[in-house]
Amino acid sequence: MHTDPLGEISRDPLAKIGLFMLVIITLLAICAPLLSNYSPHDYTGKIFSPPDMDHLLGTDSMGQDIWARLLYAARTSLLVAGAVALISSTLSVVIGATAALAGGIYERFCMRVVDAMTSLPTIIVMILVAAYLRPSLLLLILLISAFSWPGGARIIRSQVLSLKERVHISAARTFGAGKKYIIFTHIVPELSPIISALMMQDARRAVFMEAGLAFLGVSDPMVISWGKMMHQALAFTYLDVWQWWLVPTGLALSATLISISFLSFSLETAIDPRMKKENARSG
Amino acid sequence: MNNQRAECCLPEQVRKTSIDKTLGNLIPASILNYLIALAAIFSLNFILPRLMPGDPLHAIYGDEALVAMTDEMEAELIRQFSLDKSWWDQLLAYVLGLLRGDLGFSYYYHEQVSQVIMGALPWTLLLTGLALILATAIGLVLGIESGFRRGSTLDRSLVAGLMFLGGFPDFFIGILLLLIFAVSLDVLPISGASTPYAGYTGLTYIFDILRHLALPLASMILVQLGSIFLLTRNTILTIREESFILTARAKGCSEHQIKYAHAGRNSLLPLTTATGMRIPNLITGALFIEIVFSYPGVGSLLNIAISARDYPLIQGILLIVTLTVLSANFLVDLLYTRLDPRVRHAH
């Protein structure tokens with residue numbers, strides 16, 4: 001896999017669009033206080049007021065400024081995405097790589113756990129745990145990470161298994177390289193494109209899961225979240241308010257998900273040599 | 001059980017012996033996985049409420065339920081869960097209860113949890129099953145056509161459009177359809193599975209159910225279509241230049257036969273595997289869609305259970321959904337051996 005996936009995706013229009021969207025969303029999230037006159041927790045006293053210059057997207061059923069809440073909710077999504085991507089991909093790499101390198105009963109045990117976990121309806125398990133433990137943002141991040149790593153661990157394991165047999169690694173071993181040396185100078189660098197693809201997938205799943213759980217009513221009561229906003233807004237579809245409450249929130253969530261999917265799709269295409277050849281041929 | 005299943009799928013004697021062997025090899029591995037998954041859910045359901053600080057009865061039933069409970073009911077429940085005895089006895093009581101099909105009592109519905117869920121499950125299965133079949137059929141046809149016409153306008157627009165669609169979270173697609181067709185245009189019903197108190201019978205009843213099913217079904221199909229389409233298209237791209245396609249063409253098979261009987265059948269294999277992996281997502285996706293459309297399936301039940309903090313009901317739903325997912329996975333495993341003669345004859 002001696003390719004340069006980063007250079008590869010920087011020429012891909014799909015990746016450019018994805019990156020552009022993600023940068024915009026991140027900027028909006030960071031500059032949230034500058035872009036809105038209201039704090040997302042302020043009660044303005046006016047409920048269901050239609051959009052005007054003061055309230056760009058009007059106010060919701062509690063009289064809170066929707067535009068401000070939309071911006072601050074982006075922070076939650078991106079925070080969860082980043083944290084889960086880090087924790088979950090670390091778990092995937094550690095478990096997948098140790099399983100492949102150690103082998104034996106340990107490997108069989110890990111892979112059984114992975115198989116069992118991937119066949120569970122994870123969202124409901126998370127709901128149950130979160131409902132018992134009273135959801136907080138930290139708990140949600142840990143929960144989502146705890147259920148996101150198995151797929152990645154399986155991929156990392158199979159990669160390490162095939163890498164382990166490559167000629168240059170056995171050559172290094174012949175020259176007396178230690179296990180540690182082989183792992184850090186030969187295996188980890190080769191894995192890095194796959195790890196970044198995994199992180200993208202984890203981030204996307206995390207944004208979706210956080211919004212989905214909040215949409216189901218499982219979320220930190222203090223945290224502003226797109227899922228929770230949609231959950232509240234769905235009760236008022238008989239009023240016109242959905243046009244500036246429900247739809248923009250859903251679009252914001254979708255834009256975040258789509259930007260991450262574009263990036264991850266383009267990265268995966270760059271990693272998979274078979275797909276790349278296909279793309280090159282189609283011009 | 002092994003023999004029975006083989007008999008009902010495969011009447012012919014020859015095939016039966018071969019699939020019996022395959023099943024013998026297939027069952028231990030996958031059944032073990034399913035057992036581990038089930039055991040994980042059982043222990044989660046058993047341990048979580050008992051790990052909570054304070055009175056486990058509070059944890060099992062939630063504070064809100066206990067307010068409504070009389071002393072006798074409390075004593076009865078403590079006896080039933082063996083909460084005054086050791087953990088071992090509690091586990092025994094729990095397992096025996098499960099074996100009797102006793103998932104606990106939903107205080108919100110004042111009914112056995114198993115009965116509440118069984119009332120909702122058929123709607124979820126109807127929605128999920130239909131969506132799976134239709135999405136697979138549509139995705140397969142589009143994928144094959146697109147793969148054989150790679151680079152054409154049809155191919156490009158399908159890839160772009162479906163990838164874009166696949167980026168949307170499933171409940172937002174549902175919400176958009178709801179807003180367009182039920183709120184703005186007002187052509188389809190906004191919620192429920194049938195018109196209440198309408199007293200329809202026969203064909204009108206079926207039509208009414210289909211009308212209510214249309215939007216949830218369409219959103220589920222749209223959500224799944226992208227991945228099915230892309231997978232089929234990718235498989236077609238890799239196999240369309242293989243020698244068996246060339247042979248078929250040389251034999252004089254029609255283009256239609258090549259596409260569907262030769263390439264299509266082969267692209268079903270990775271699709272089946274992917275379907276198996278997607279089943280948990282599929283069913284949880286259905287739960288979201290049901291909530292959007294207030295469709296009376298397990299999803300809406302879960303929504304109510306969460307807001308009412310009806311813990312026994314949430315636990316029951318988790319258990320039943322897990323069972324559904326695992327049995328669907330098992331069916332997919334069986335289907336795979338039926339589809340691919342190479343797997344069937346490999347052992």
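The largest nonpolar core has 153 residues, a nonpolar core being a set of buried Ala, Val, Leu, Ile, Met, Phe, Trp, Tyr and Cys residues joined through C-beta atoms within 7 Å. Here a residue is buried if 20 or more other C-beta atoms lie within 10 Å of its own, exposed if 12 or fewer, and partly exposed in between, with C-beta atoms placed from the backbone. The residues with the most contacts inside this core are A:Ile127, B:Ile314 and B:Ile317. The element that gives the most to the core is α4(A), with 18 residues. Leaving aside residues up to four places away in sequence, B:Ile317 touches A:Ile124 on the other chain, along with B:Ile117, B:Val298, B:Leu301, B:Leu302 and B:Ala305; contact means that the C-beta atoms of two residues, placed from the backbone, lie within 7 Å. In soluble globular proteins, nonpolar side chains tend to be buried together.

All of this comes from a predicted model, in which local features need pLDDT of at least 70 and side-chain atom pairs count only at pLDDT 80 or more, while totals for chains, interfaces and linings use all residues. Residues are numbered from 1 along each chain as its sequence is written, and chains are lettered from A and ligands numbered from 1 in the order in which they are written.

Residue by residue, the confidence is pLDDT, which runs from 0 to 100. Chain A averages 83, and 94% of its residues score at least 70. Among the elements of chain A, the mean is highest for helix α4 (residues 66-102), at 91, and lowest for α12(A), at 46. The pLDDT stays under 50 over residues 276-283 of chain A, a stretch with six contacts beyond four places in sequence. For chain B the mean is 79, with 84% of residues at 70 or more.

As for the chains themselves, chain A has 12 helices and zero strands, whereas chain B has 15 helices and two strands. Helices (H or I, at least four residues) and strands (E, at least two) are DSSP runs, numbered from the N terminus. The C-alpha atoms of chain A fill a box of roughly 75 × 50 × 30 Å along the principal axes. Of its 283 residues, 46% count as buried; for the 347 residues of chain B, the figure is 35%. Taking contacts with a separation of 6 or more, residues 24 or more positions apart account for 69% of them in chain A and 71% in chain B.

The contact between the chains takes 36 residues from chain A and 42 residues from chain B. On the chain A side, α5 (104-118), α6 (122-133), α9 (179-215), α11 (246-271) and α12 (273-282) each supply at least two residues. The largest share of that side, nine residues, comes from α6(A). By class, the chain A side divides into 22 nonpolar, 10 polar and four charged residues, where Ala, Val, Leu, Ile, Met, Phe, Trp, Tyr, Cys and Pro count as nonpolar, Asp, Glu, Lys and Arg as charged, and the others, Gly among them, as polar.

Within chain A, α4(A) packs on α11(A) at an angle of about 30°, with the axes 11 Å apart. Axes are lines fitted to C-alpha atoms, for helices over the stretch in contact, and angles run from 0 to 180 degrees between N-to-C directions. From α4(A), A:Leu70, A:Ala74 and A:Ser77 meet A:Pro248, A:Thr249, A:Ala252 and A:Thr256 of α11(A). This contact has four nonpolar, three polar and no charged residues.

Elsewhere in chain A, helix α8 (residues 167-174) lies largely in the open, because the number buried among its eight residues is zero. After α8(A) comes A:Gly176, with a positive phi near 90°. A:Tyr181, in helix α9 of chain A, counts as partly exposed with 13 C-beta neighbours inside 10 Å. A:Asp12, in the loop between α1 (5-10) and α2 (13-30) of chain A, is also partly exposed, with 19 other C-beta atoms within 10 Å.

Note on methods:
pLDDT is the predictor's confidence in each residue, from 0 to 100.
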